[in-house]
Amino acid sequence: MRSENGESWTNPELGFTKPDDPACPLIVNPKIAIDSGGTVHISFNCATFNGGKGVFGLYYANSSDGETNWTEPELISENQIGWSTLFVDSQDKIHQVWLEL
């Protein structure tokens, strides 16, 4: 978040709690979509350091109260993920598309 004219910045805050899984040390490839009611939808992948599984595990969470509270991240796919995207259509339906390797 920033102040007027971008001259100063507030401290960063983690908007949601990452999965409580020691096999998920990194969160990568976040995707964000906001519906007409203001609900913020986010998807992301887990990733490991060099020598691990690579990018895996596609998760989804949302917040409908101004990002104060988030749903527990839901595992959508536990497979390796090549790419993913998240969007809200004109009828406020959330869509998640991804490629499993």
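## Nonpolar core

Five residues make up the largest nonpolar core: Cys-24, Phe-44, Cys-46, Phe-56 and Tyr-59. Two elements each give two or more residues to this core, namely strand S2 (40-47) and S3. The model is a predicted one. In soluble globular proteins, nonpolar side chains tend to be buried together.

## Ser-63 in strand S3

Strand S3 covers residues 55-63, and Ser-63 belongs to this strand. Ser-63 counts as buried because its relative accessibility is 0%, against a cut-off of under 20%.

A polar atom of the Ser-63 side chain lies 2.7 Å from the backbone oxygen of Asn-69. Asn-69 is also among the residues that Ser-63 touches, once residues up to four places away in sequence are set aside.

## Residues with positive phi

Asn-29 is not a glycine, yet its phi is positive, at about 55°. This residue is located in strand S1, which spans residues 26-34. With a relative accessibility of 36%, Asn-29 counts as partly exposed.

Glu-67 also has a positive phi, of about 65°, and is not a glycine either. The position of Glu-67 is in the loop between S3 and strand S4 (74-88). Glu-67 has a relative accessibility of 39% and therefore counts as partly exposed, a class that runs between the 20% and 50% cut-offs.

Terms used: Residues numbered from 1 in each chain as written. Predicted model: local features only at pLDDT ≥ 70, side-chain atom pairs only at ≥ 80, totals over all residues. Heavy atoms only, no water. Helix = DSSP H or I, 4+ residues; strand = E, 2+ residues; numbered from the N terminus. Buried < 20%, exposed > 50% of the residue type's maximum accessible area, 1.4 Å probe, protein only. Polar contact = N/O pair within 3.5 Å; in protein donor to acceptor, adjacent residues only side chain to side chain. Contact = heavy atoms within 4.5 Å. Core = buried A, V, L, I, M, F, W, Y, C linked by side-chain atoms within 4.5 Å.
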